[in-house]
Every structure is written in structure tokens, then in C-alpha cells.
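Q: I would like to go through this structure with you, one topic at a time. Could we begin once it is on the screen?

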Amino acid sequence: VTGYHVRCRVASRYAVTTVHSSVWNQLSVTKEAAFEVDLPSSAFISNFTITSRDKVYVAQVKERAAARKIYDAAKKRGRAAGLVATKEREIEKFRVAVSVPAGAEMSFLLTYEELLPRRLGRYELSLGLRPGQLVQNLSVEVSVTEQTGISFIKVLPLRTSRLLPSAAQADAEAPASTRVEQSACCARVYYSPTLQQQSSVSSKGLHADFILQYDVALRDLLGEVQVHDGYFVHYFAPKGLPVVPKDVIFVIDVSGSMIGTKIQQTKQAMSTILADLREGDHFNIITFSDQVRTWKRGRTVRATRQNVRDAKEFVRRIIAEGWTNINAALLSAAQLINPPSSSRHLSSHRVPLVIFLTDGEATIGVTAGDTILTNAKKALGSASLFGLAFGDDADFLLLKRLALDNRGVARMVYEDADAALQLKGFYDEVASPLLSDVQLSYLDDQAFDITRSLFPNYFQGSELVVAGKVKPGIKDLKISMSATDSRQRVELENTVLTSQTEGNESTDSLDCSANLEGIPNFVRRLWAYFTIKELLQAKLNTTDPATQRLLVDKATNLSLRYNFVTPVTSLVVVKPDVDDAHSPTTTAAATVTTTATSTATSKAAAAGKRPSSPSKDVEVVKVDGDPHFVVSLSKLRENMCFTVDGRADDVLRLLEDPDRGIIVDGHLMGAPPKHGVEERSRTYFDLLTISTDTGGRRDITITLSLEAVVVEGEGRDILPIDQQGWVRRQGVTVTVDNHRSCWVELARDIQFLVLFHAYQHPTYLQKAHLGFYIVDGGGLSASTQGLLG
């Protein structure tokens, strides 16, 4: 391994991480190189490439069934295809191995994206460092930008174990060679250990996680709102609110499978948790196996010192034996959390919580999952249920569905030495409710396609996040919040100027603007990230097959559009074989999902140069802007300019050559009107489709959007617009360069250019859009039609 570099850019909690590893085979024989990355299970992979001898192999994100067909076809043809992914605790393990010819160099690049959740008053970024050996050139670089300010940032010691650290370990110093630069709204962290520093951790090279924690300075009670390019994100995390007392029922599985270490760890955790109860809290304990036993029958009791002592003694005497009656345990908890009407007023200002721990499946009594779900939802009422699945044998799917149905979440507790710490850590997250029934609203129908905005509880140290789209022309976003605190219903309203959030300049001593440039359309991608997760959650929570198919289709389409690897898509790569390094790329190899890049056959490329922007002496027919058409009339030595007053969602036929089978269509999006001429609509192109009949088995279709270029026909390839890459199919070459442009060469004398226009700090009128140029139309026939024909 000659180089191993991890780069992460965090912009408003949204993290994009790139892991780049370079290898060199110094031996005289072919050897296998493995590339392994640990990434958080909540993250979505968005790019993976292998570069070998000037060829770039781009892994493709495809719908799962389609990916399976490609994989099977590649295996039949004897090619090394595939991807190994396993799960370890909260980590997805990505691994791919490739044969490297003697003397050859190869590099791997993986990009993944995630929203950092706020837990216990901080965000935590974990970066896996697993190069597999000592590396001379190893570095980590993290940049964090937060508009409202960074209240603290801290680098923890390298974590060499998945076990949770003790308090003493967490307070230890950052690893040697770590450097932190911080200003009010920006921070940069550098880590570049020497070989000696790496070997002091392990003689076999680093096998650890680089951990960074930070928090933001939120001043507004309604939180932080950012609006970019028609999308918004709202972070809600008010501080300084009084803690609301809770009614908490601990429901503990004491069946025979809990015997031994698990029951001892549960007792240890419960002893600590009970000691942390506030005196205003009320609580009770239920244990269940084939029988259900309640510590204090019929009610919750106040967390006085004596009651806590008695409860600890009850826990100490627990014996694990018997079967698992989940349904009866849930119904017993419901009877405690929903007392008779005569005493209900006493608990009206306490938050009802059920913490339910089990290590197995229902084995006695009601065992059908759907019946248990129905019974629990009917009985628990407004209580929030938090399901803890202790070990791999627990019915985690049932717990997830129970939690979704009953205003809570489910979490795995792993069978490790730190299980007691895991249990206590989860309790700490829900121990301090501050608000209940939180509704975040966006008034006057200004926003749409909004993610979840009604939350059962807001806990101290957490954060509620809502994302959505803003209607065109909205200058200020009106936000309201209603919730219940310890005494009453609270309502707040505020107005956010969208132009301020889109165009605010940093006056920070550290220049942080590059962070946002490095994450194109991060609010848009955050919205997609959230929406996909919510669609998949909704699918989990319905039993209707038609509804499930609809939700999966929506999640799949969004995943493919944003090039995300999610539970409904797969990442497929056909690994370069030894022979591929010496032979030209074949159509078959490209069909299998590998984008085997080759030199474009344009005049510029033939001269050994990358394609460049059109020069002044080139006759260019173009459409760009709002949309402004320019057609060159060469015989008259004049240009004809005109504008089409289209409407949003119109599709314009820009070009059609029936003889060559070429069609170019442009989709219009709306833009805010100019002041004084509100009656005139303004539009830009946000989607272009180029199709051509190549005479092959399938037409080639190229779809260009503001996020990616998709090439379809004998396979499907996606080229992100912020990375260099090119694809060749049946004589058609598509090249994305580093100047935010895409060259499409359909033949030697037919070449188009598409420019991706984006603004770092757009004004109210500016919208990211596409421009289309005919750089060389000499090969188009005389029967060519369309607005540019």
C-alpha cells in the first residue's frame, strides 16, 4: 500500500467521506490486493471506482434484481465479479479483492454519505482506518462547517475495539500527530501518523477508528434552517428547557436464554439506571418468561430513595428460566402506563415510556407477530415503546415494527463485554424528555415533499431534523412549532429569509467555503437520504403488498437518481482481470457494469488533449439560460437569437434528426419571476435527454441532470458530475470533465456539450441549470428539425 487517505467534509451535520487507497505490486508475479472499509450502517455508499493502468472501473448502483442478473452473467462468463459486505455491530464492512499484475499500480476510491445524529449533546464522526499494513503515506483530513457556530470539537484516542470505552478512556488524549484548527464556524482536523506511530498501535498497521466529536451553538429556540436550490433542512434542538418527569416501565426478558452473562449484564445496567432516576420520575419493573411478574402491582411508584433501594433488591433476585411470552408482557406494561381514569390526572404531566428488553422470539402464549403488534398498539395508547434486542437471536424485526407503531425506536444490544454500558447508554438518551408531541410546521403551503415533522418526544441532547422542498419564488419560510412541556402546550412562530440562508458569506478566520463546494447540493442529497430511509421504514410498517411495492419503487427510484447504495439497490463491479490491463476494452466488459474508460475519439482527444470548452472560432448552436437560443447562420455570418416562454415541466424538442435517429429533449423547471415583470414566467433546463439509434441491439439514451449523467443501452452507467469519468457504448462516448461540463460524441462529426451551471452563493433569481451546445453538427442530416435544427 503506497498511500491511504481518508477525507471527510461535514457541512451542517451532513458528512461525505472518501477513502482512497493506492497499491503497487513490486513482485514479479500477480498478487491479490484487498480493499476494506468499515462504514457506519446508517451511511449510503455513493461512489466506488478502481483505477488500473489508466482505466477507471466505476461500480454501478442498480436495482437489486438487475444487479443480481449482472452478477450471475459475469460469473457464467468466468469473470471475477462481486462485492463482499458483512455487518459487525453498527458497522457495514465493505471489502473487494482484485488481482494486480506484476509491477502494476492500482487504486481504489470509495465515497459514502451520512447524516450525523446528535446523541447526548454531541455529534460523533467515526472513520475506519484499516489499510492492512504499515503505510508510509497515510493521512486523515476532516473539515467541519456549521453556520451557527461550533461550541466544541474533540478528537478521541484511536478506538481499536468495538467495545464502548470507559469514562477514563474517553477522556484520554488525541492520537499523536493530530492537529486541530478551529474558528467560530469552521474546524479542520489533520492526522498523519509516522510509521513508528502506526507500529506503536499495531505492528501490522492501523486497525482502528478515528473518532471526532463536536457540537453546534444553536441560539434560536426554533433551531437552524438552511435553504439551498429549492430544498430546505430544519435542525431543531432547543437548549435550556426544564426536564419533564416520566412514567417509565422497564420490561425485562428473564427466559432461560438469558441465563449467564446476559442476565448479569442486565442486572448491572439496571442497578445503574435505577440510581439515575430523578425523584420526580415514576417507575415500575416487569419481568417475563412464560409467566409475567410485576414488581409493584397496578401502578408506577415515585422514584424515592427507598423505592429505588427496593427495586434494586428486586432486580438482584431475578432468576432466568422458562419460555418467552412477549404479548403478555406488553399488555401488563400497558395496564401500568394507562392507569384507570380515576388516577390518570396524576400522571398527565409525565411522559409515558416503556423500555422493553428481550433476547429471543415469542415462544408461548400469542406468538403471531401481527397479532402482537395489533394488541400492543391498541393497549399502549400514547406511550412510547423502546425495543432493545439483546443479541442476534432476538426478533429485531418485530421490535422495530413495535417501536414504529408505538412512537419509539428499536436498537440492538450486542453480546459483548460492554453490553451493560450499551444498555445504560441507550437509557441515557431517553432519560430526560424535554418536549412531547412536537409538531414542526411550514405555513401557507410554502413547502412540500416534507419528511417526518411530527415527533412524539424530544429528549435532552438529541436533535429533530426535517427536510423538504420549497416552492419557487418563496422569499421567506414561515415556521411554527407546537409541543407540550412540563406544564402546558407551547407554540412558537418565526420567519426565515431564504435569500439569507442561501447567500450568507462566511466571515470566519478559517475559509470554510470549500466545504460546501465539495458537497454539491448537500441539502438536496440530505432530503433524498432522509426520504429513502422514511420510505423503507413505512414499507416495514405496512402489510399491504401493493403499498409495499409502491414504497419500494419510490425508494428505488430515489436511490438510483442519487446513486445511493441502499437496502433496495446493490453496488456491482466487475473487477479488472490481469488480461484486461493489456487488451482494449470490449463491449461485453462494459455491458457487465464496468465503466472501462477509454480515450474519447473527438478531435481534441485525438490530439492527446482533454476536451475543452468551445473556443470563440467554433460555430456553436446553443440553448442556455432562460432558455436563450442562439443559432449560427454561417452564410449570413450572423447569429439568430430567440427565447421560448415555456412553462415548468414542459418538454422542448431541441433537435431531431430522423435520418440519423438522434433526438434531444429538454425538461423545463420554473424559476422566480423578476421584479416588475411577475406576469412573465422564467424557466431553465434541469434535465436533458439525448437518444441515438446506433444500429445495435439497443438505442443509447443519455440523461443529464444536475446530479449525474446516466448512460443506458447494453447496461446502465452513472457518472457523477463532480468527478472525472467517461463511458463508451457502441461508438458513443460520454465524458464528464473537471470543469462541470459533459461532452457527448455521437459520431466523429456530431458532438454536443452540456454545461452544469451552479452558484456558490445564488441570489434569489439564480437557479442551478443546464446549458446545451452543438459544438459540431456537421454530421447531422438536412432533414434535422427541432428548435435548434
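Q: Is Thr 692 buried or exposed?
A: Thr 692 is buried, at 6% relative accessibility. Buried means under 20% relative accessible area, exposed over 50%, and partly exposed in between, with a 1.4 Å probe and protein chains only. Please note that this is a predicted model, in which local features need pLDDT of at least 70, side-chain atom pairs count only at pLDDT 80 or more, and totals for chains, interfaces and linings use all residues. Residues are numbered from 1 along each chain as its sequence is written, and side-chain values use heavy atoms, with hydrogens and water left out.

Q: Where does Thr 692 lie?
A: Thr 692 lies in strand 38, residues 682-692. Strands (E, at least two residues) and helices (H or I, at least four) are DSSP runs, numbered from the N terminus.

Q: And how far apart in space are Thr 692 and Leu 746?
A: Their C-alpha atoms are 7.6 Å apart, while 54 residues separate Thr 692 and Leu 746 in sequence.

Q: What about Tyr 123, buried or exposed?
A: Tyr 123 is buried, with a relative accessibility of 0%. Tyr 123 belongs to strand 11, residues 122-129. From the C-alpha of Tyr 123 to that of Val 216 the separation is 8.7 Å, and the two residues are 93 apart along the chain.

Q: Changing topic: how many aromatic pairs are there in the whole structure?
A: The search finds 20 aromatic pairs. Rings of Phe, Tyr and Trp (its six-membered ring) pair if their centres lie within 6.5 Å; planes under 30 degrees apart count as stacked, over 60 as edge-to-face and the rest as tilted. One of the pairs is formed by Phe 35 and Phe 108, which are stacked at 5.1 Å centre to centre with 5° between the planes.

Q: Which parts of the chain does that pair link?
A: Phe 35 is in strand 3 (residues 31-40) and Phe 108 in strand 9 (residues 105-115), so the pair links distant parts of the chain, 73 residues apart. Phe 35 is buried at 1% relative accessibility, and Phe 108 is likewise buried, with a relative accessible area of 1%.

Q: Why is the pair of Phe 48 and Phe 94 edge-to-face?
A: The planes of Phe 48 and Phe 94 stand at 70°, with the ring centres 5.0 Å apart, and therefore the pair is edge-to-face. Phe 48 is in strand 4 (residues 44-52) and Phe 94 in strand 8 (residues 91-100), so the pair ties together parts 46 residues apart in sequence. Phe 48 is buried at 0% relative accessibility, and Phe 94 is buried at 2%.

Q: Which residues form the aromatic cluster with Tyr 14?
A: Tyr 14 forms one aromatic cluster with Phe 44, Tyr 529, Phe 530, Tyr 562 and Phe 564.

Q: Which ring does the charged end of Arg 13 sit over?
A: It sits over the ring of Tyr 235, 3.8 Å from the ring centre. The rule asks for NZ of Lys or CZ of Arg within 6 Å of the ring centre and within 35 degrees of the ring normal. The charged end of Lys 262 sits over the ring of Phe 390, at 5.9 Å from its centre.

Q: On to the cysteines: how many disulfides does the count come to?
A: The count comes to zero disulfides, a disulfide being a pair of cysteine sulfur atoms within 2.5 Å. Cys 742 is buried at 0% relative accessibility, whereas Cys 185 is partly exposed at 23%.

Q: Which residues have a positive phi although they are not glycine?
A: Among them are Asp 437, with a phi of about 50°, and Gln 730, with a phi of about 45°. Asp 437 is in strand 26, residues 433-442, and is partly exposed, with a relative accessible area of 31%. Gln 730 is in the loop between strand 42 (725-729) and strand 43 (732-736), and is partly exposed at 24% relative accessibility.
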